[in-house]
Amino acid sequence: MHPAPSVIIFTTLSGLGFGLLFWLGLGLLAPAGWVALAFFAVAYLLAVGGLMASAFHLGHPERALKAFTQWRSSWLSREAWLSVAALSIMAIYGAGLVFWGVAWTPLGWLGAGSCLGAVGATSMIYTQMRTIPRWRTWLTPALFIALSLGGGALLAGQITFAVILLPVAAVVQIAWWVRGDRALARSGTDLETATGLGHIGTPRAFEPPHTGTNYLTREFIHVVGRRHAQKLRAIAFVLGYLLPILLLGLPLPLPHVAAALAVLSHITGILASRWLFFAEAEHVVGLYYGKRVA
Amino acid sequence: MTNLPTSTQRKLGLVIDLDTCVGCHACVISCKGWNTENYGAPLSDQQPYGADPSGTFLNRVHSYEVQPDRGAAQLVHFPKSCLHCEDAPCVTVCPTGASYKRVEDGIVLVNESDCIGCGLCAWACPYGAREMDAAEGVMKKCTLCVDRIYNQNLPEEDREPACVRTCPAGARHFGDFGDPDSHVSQLTAARGGFDLMPEQGTKPVNKYLPPRPRDSLDQTDVLAPFLEPVAQETKGFVAWLDRALGAL
């Protein structure tokens, strides 16, 4: 799949933003006044900024409101509703903290639930794709939610939860990678089922339909070199998981500086991991173009 | 609506005969010609005469080489367009309701004025049947020439999809798969028509007919035995040359 920057930024930042809002809504930390304003400003910058970035990959962003209509069938539509619900509820809850210093606990819990729902719906957009075997597993929502909760705990200063949840996310990430590498071969879809010619012999793509590129080849047939992918996985793992866990877990001087470094490292690592999420994903249409070794 | 209808009154679709297709791409051109100037936004081209030409097509012809265990490889030309699936995954992922499957005839269409160009339907299609138009920012796909097949202004013989009408080899057939007596249903039954990627669970309406078995090469020419090399053992100068070169 083509790793579009807008979608990578969207899933990474809004996942973090909703994660931070989750912890704020849960009520384990109840900042008031200016501190609360700072927390909520960061959360909304990430969540809303990510959602705005996602609009850049639309052909007609001016019609985006129509995307709210099909919540009965479409995960993208459900995601739109859950995001707006989470942002609205948490705005009211945040106003209570910032202006009156009161935590309306049930509202906060409802907001926290909506935040998890929004991240879950985002992950289901990818999980539902039977055409991309690497994504079609319950590990995908598990990874998105674990990362959102772990990263959110990191941003919310919930160190105890962060040092539990980030290792959990790291384990899910590794399981996701290991399973993903065999997913296309195990999906049962190959050039023989794609062409239906397997009963004659072994099919091989002889000639593409055109000499140039097209939308399909640009969007779906991005291939990342295997050596590159392994290096990037190592970078994503060290920056996204290992370094933040070490920075938080070890008794370092200047804990605030260590936490800030942990956040920066985490975001960079997750951006790399999310780039791989798209760049490594093999869409089965690539079989028709002879671009998949299944 | 992006929910799929539980059943459709008719199941219009195509039979594509892989035995007969000669790979001339006439269906590709006639499809682009008709559909760029009729239903919906035109099928744009980017740099058609430049260094990196690209464009939107609703129908494309691949070619595959099939190597049997014994005997010669076979070349199969393979036209591919929307299969108007009964369980079309492209329809249910659409967030705006722009993609829909018609109850009356089962054609899968895009209402372009509702399309936000998010591309999810193309992600969901395993066949690559949907292409985002780079100029218009909306999703384009085969309409089964919905503006031809019911068009009372056209002569009756033209009321079929442009690709079917134009195919010089007769490799494409159009009809109602909901009717077991239609010629497409009978052709599918007689020739063992099959689905592409059945494991994807899309239940395609369009069917492909497999290439008929080929004669194997050792049967083709009765004169072949007379063309065997006459001299098995070399003699004289050639034999000396053979030995001399072999000794080098």
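Where in chain B is the place of B:Cys145? Here are some notes to read alongside the structure, which is a predicted model.

1. **Placing B:Cys145.** Look in the loop of chain B between strand 9 (139–140) and helix 4 (146–149), and you will find B:Cys145 there. B:Cys145 has a relative accessibility of 5%, so it counts as buried, the cut-off being under 20%. Its backbone deserves a glance too: phi of B:Cys145 is near 50°, a positive value in a residue other than glycine.

2. **Why a positive phi is worth a note.** Most residues other than glycine have a negative phi. B:His84 is another residue to check, with a positive phi of about 45° although it is not a glycine. You can find B:His84 in the loop of chain B between strand 5 (74–81) and helix 2 (89–92). Is B:His84 buried or exposed? With a relative accessibility of 0%, B:His84 counts as buried.

3. **How chains A and B meet.** Now turn to the contact between the two chains, to which chain B brings 60 residues and chain A brings 60 residues. The area buried between chain B and chain A is about 4600 Å², and carbon and sulfur atoms give 58% of that area.

4. In one salt bridge, the side chains of B:Glu65 and A:Arg204 meet at 3.0 Å, N to O. Across the interface of chain B and chain A there are also 26 residue pairs in polar contact, with both residues at pLDDT 80 or more.

5. **Which parts of chain B take part.** Several elements give two or more residues to the side of chain B that touches chain A, among them strand 3 (54–55), helix 3 (120–124) and strand 8 (131–132). Strand 4 of chain B gives the most, with eight residues. Sorted by class, this side of chain B has 32 nonpolar, 18 polar and 10 charged residues.

6. **A strand pairing between chains.** Finally, follow strand 4 of chain B to its partner in the other chain. For a place to begin tracing, take A:Thr202, whose bridge partner in strand 4 of chain B is B:Gln67.

Definitions and conventions. Residues are numbered from 1 along each chain as its sequence is written. Chains are lettered from A and ligands numbered from 1 in the order in which they are written. This is a predicted model: local features need pLDDT of at least 70, side-chain atom pairs count only at pLDDT 80 or more; totals for chains, interfaces and linings use all residues. Side-chain values use heavy atoms; hydrogens and water are left out. Helices (H or I, at least four residues) and strands (E, at least two) are DSSP runs, numbered from the N terminus. Buried means under 20% relative accessible area, exposed over 50%, partly exposed in between (1.4 Å probe, protein chains only). Contact means heavy atoms within 4.5 Å. Buried area is the accessible area (1.4 Å probe) that two parts lose on being put together, summed over both. A salt bridge is a side-chain nitrogen of Lys or Arg within 4 Å of a carboxyl oxygen of Asp or Glu. A polar contact is a pair of N or O atoms within 3.5 Å; within protein, one must be able to donate a hydrogen and the other to accept it, and residues adjacent in sequence count only if both atoms are side-chain atoms. Ala, Val, Leu, Ile, Met, Phe, Trp, Tyr, Cys and Pro count as nonpolar, Asp, Glu, Lys and Arg as charged, and the others, Gly among them, as polar. Two strands pair if DSSP finds at least two bridges between them.
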